[in-house]
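Work through the exercises below with the sequence and the 3D view open. Try each task before you read its solution.

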Amino acid sequence: MHYVSTRGQAPILTFEEAMLTGLARDGGLYVPETIPTLTSDEIAALAGLPYEEIAIRVMRPFLGESFTEDEFAGAVERAYAGFGHAARAPLVQLDANHFLLELFHGPTLAFKDFAMQLIGQLFQVALARRGERVTIVGATSGDTGSAAIEAFRGLEAVDVFILFPEGRVSEVQRRQMTTPTESNVHALAVAGDFDDCQARVKDMFNDFPFRDAVRLAGVNSINWARVLAQVVYYFSAATALGAPYRPVSFTVPTGNFGDIFAGYVARRMGLPIERLVVATNQNDILHRALSCGDYVTSAVAPSISPSMDIQVSSNFERVLFDAYGRDGKAVAQVMEELKLSGGFHISQGALQVLQETFASGRASEAETAAAIASIYARTGQILCPHGAVGAHVAQSYLGATPMITLATAHPAKFPDAVEAAIGIRPPLPNRMADLYERPERVTSVANDLTVLEDLVRERRGF
Ligand SMILES: *Cc1c(COP(=O)(O)O)cnc(C)c1O
């Protein structure tokens with residue numbers, strides 16, 4: 001199993017190398033050379049298995065020789081042991097044919113734990129074997145950072161630096177990043193928005209002398225291993241509802257296109273997914289791109305679903321690569337256009353390919369709040385604003401095929417928005433009830449590459 005860059009100019013890597021590398025050296029993203037498929041019988045056999053067993057069967061074909069059976073099984077076991085629900089990703093029913101996939105039972109209460117906990121375990125195994133030490137740098141709109149810190153805190157072979165937009169993450173998100181006491185954790189509050197944070201991380205990766213000196217590794221949603229870990233719950237949910245004998249659809253609250261791209265991979269692997277619905281908040285570049293082909297950035301408008309306040313959607317490049325017939329030159333060209341002029345037009349042929357798989361919709365701030373209120377009134381289920389964006393958009397696509405909407409975070413992570421919608425402040429689960437009392441440790445930094453690189457070098461002792 002080999003991994004190639006979406007821009008066609010970077011070295012071809014193994015799974016382990018792609019995982020440790022993150023962003024490809026040509027600025028592209030790593031994708032598998034070919035997508036393995038599961039037969040209908042293999043998919044049917046997943047129904048009712050423990051989550052960990054489904055995870056091993058779904059991911060194994062992508063790993064090549066990178067990990068032994070025992071190494072991988074051990075990593076999967078440890079990754080999900082700390083989850084607060086035995087099913088890991090339980091389904092609940094909202095309506096006759098509408099289901100909610102609860103992805104918020106991990107240690108930081110958002111779906112990103114599914115991938116990050118596994119990546120932490122796999123990094124540990126790989127780096128210990130290689131006798132290496134790496135610097136992890138990531139940008140976060142809130143949930144990635146806390147999930148990364150939770151996954152890597154205290155690991156010998158790793159320093160983890162997380163850039164988050166100062167004042168634009170929720171208090172719970174901030175505290176989850178600033179309260180760990182381990183000395184290998186560095187929370188950096190950047191004077192800028194999420195796109196600035198993401199751009200500075202990309203700049204660091206593109207500064208090769210720096211990248212090599214500090215042995216930079218990325219765990220943002222551009223990391224292929226993260227996408228792969230998220231493919232698993234599409235299989236567990238779909239088979240629980242009758243796949244492969246009955247097709248299902250998914251609605252996915254989307255920002256960086258990582259989570260929904262995992263659904264696309266599941267579909268390419270043979271899982272009968274009828275439709276993948278992209279749900280955006282008022283920052284609706286993906287909805288505009290998928291409905292009319294114009295991928296045009298504008299300023300980020302802060303919303304009550306801040307983890308999706310994104311204009312440059314990194315993982316979209318992966319699906320464009322397929323839509324453009326896996327032509328790395330064409331992808332490099334539109335990405336250059338995006339960088340120079342802030343947008344590009346998706347070719348007619350590519351748009352047609354995308355629209356065969358994806359539908360899309362957006363939820364305004366008022367629609368998001370109304371969805372939290374109406375679902376609570378009808379079912380007693382309290383959604384976080386991201387899940388509510390999904391549930392609102394899913395309404396337009398309900399029909400004969402079961403719809404599964406991804407609930408990406410626990411409502412207690414966004415208590416202000418939930419309280420404004422229904423007058424109830426959702427409590428944190430017991431295991432993290434003292435979060436508001438723990439002391440915080442954070443460094444404020446300018447939105448400036450040189451300042452950031454100096455800080456990383458200094459903390460790493462260079
Ligand atoms: C990160 C995040 C999203 C968006 O996921 P992408 O993979 O970036 O599309 C949605 N909801 C929550 C709660 C998140 O943390």
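E440 is partly exposed, with a relative accessible area of 34%; partly exposed is the range between buried, under 20%, and exposed, over 50% (1.4 Å probe, protein chains only). The model is predicted: local features need pLDDT of at least 70, side-chain atom pairs count only at pLDDT 80 or more, and totals for chains, interfaces and linings use all residues. Residues are numbered from 1 along each chain as its sequence is written, and side-chain values use heavy atoms, with hydrogens and water left out.

**Exercise 1. Find the salt-bridge partner of E440 and say what the pair ties together.**

Step 1. Recall the rule: a salt bridge is a side-chain nitrogen of Lys or Arg within 4 Å of a carboxyl oxygen of Asp or Glu.
Step 2. Apply it. The partner is R175, at 3.7 Å from N to O.
Step 3. E440 lies in the loop between α18 (415-422) and β15 (443-445), and R175 is in helix α7 (residues 171-178), so the pair ties together parts that are 265 residues apart in sequence. Helices (H or I, at least four residues) and strands (E, at least two) are DSSP runs, numbered from the N terminus.
Step 4. Check R175. This residue counts as buried, at 12% relative accessibility.

**Exercise 2. Is E69 buried or exposed? Which residue forms a salt bridge with E69?**

Step 1. E69 has 52% relative accessibility, so E69 counts as exposed.
Step 2. The partner is R60, with the closest N and O atoms 3.7 Å apart.
Step 3. Widen the view. The count by this rule is 29 salt bridges. Some link up: E16, E71, R129, R130, E132 and R215 form a network.

**Exercise 3. Describe the surroundings of D322.**

Step 1. Locate D322 in helix α13 (residues 316-323).
Step 2. Read its accessibility. At 15%, D322 counts as buried.
Step 3. List its contacts (heavy atoms within 4.5 Å). Leaving out residues up to four places away in sequence, D322 touches Y264 and R268.
Step 4. Look for polar contacts: pairs of N or O atoms within 3.5 Å; within protein, one must be able to donate a hydrogen and the other to accept it, and residues adjacent in sequence count only if both atoms are side-chain atoms. The D322 side chain makes one with the side chain of Y264 at 2.6 Å. It makes another with the side chain of R268 at 2.5 Å.
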